[in-house]
Amino acid sequence: MSSIISAGKPIGNSCSAIGICAKCFVEVIEGMENLSKPNPIERKLLERERLSPSNRISCQAKVLGPVKITTSYW
Ligand code: FES
């Protein structure tokens, strides 16, 4: 099971994907059900950054099936 960030897309990253910076957040357009539930690290970042329910932290969310994402900087 790989994280979104490991898919090789140009995603922000300032902490080497250890779950501190939240620069890797993405907007999920389709397939939220195909991502793992947020782990405690991701839940903390989503709350700290006041992100919407459609956002996920790509270095923490595991991909279980097809997912379509975007970011504000693509
Ligand atoms: S790359 Fe820093 S939290 Fe994901």
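These legends walk through a few views of a predicted model.

**View 1. The whole protein chain, from end to end.** Start by tracing the chain, which has 1 helix and 5 strands. Going along the sequence, they come in the pattern β-β-α-β-β-β. The radius of gyration is 11 Å, close to the 11 Å that the globule rule gives for 74 residues, so the protein chain is as compact as a globular protein of that length. Its C-alpha atoms fill a box of roughly 25 × 25 × 20 Å along the principal axes.

**View 2. Contacts and burial across the protein chain.** Of the contacts with a separation of 6 or more, 73% join residues 24 or more positions apart. Among the 74 residues, 23% count as buried.

**View 3. The largest nonpolar core.** Here you can look for 13 residues. C24, F25, V26 and I57 touch the most other members of this core. Strand β2 (residues 25-30) supplies the largest share, 3 residues. In soluble globular proteins, nonpolar side chains tend to be buried together.

**View 4. A close-up of I57.** Setting aside residues up to four places away in sequence, I57 touches G19, A22, C24, F25, E42, L45 and L46.

**View 5. A close-up of I4.** Find I4 in the loop between β1 (2-3) and β2. I4 counts as buried because it has 22 C-beta neighbours inside 10 Å. Beyond its neighbours within four places in sequence, I4 is in contact with V26, R56, S58, A61, V63 and I69. I4 and F25 are 21 residues apart in sequence, and their C-alpha atoms are 9.9 Å apart in space.

Conventions:
Residues are numbered from 1 along each chain as its sequence is written. This is a predicted model: local features need pLDDT of at least 70, side-chain atom pairs count only at pLDDT 80 or more; totals for chains, interfaces and linings use all residues. A nonpolar core is a set of buried Ala, Val, Leu, Ile, Met, Phe, Trp, Tyr and Cys residues joined through C-beta atoms within 7 Å. A residue is buried if 20 or more other C-beta atoms lie within 10 Å of its own, exposed if 12 or fewer, and partly exposed in between; C-beta atoms are placed from the backbone. Helices (H or I, at least four residues) and strands (E, at least two) are DSSP runs, numbered from the N terminus. Two residues are in contact if their C-beta atoms, placed from the backbone, lie within 7 Å. The radius of gyration is taken over C-alpha atoms; the globule rule is 2.2 Å times the number of residues to the power 0.38.
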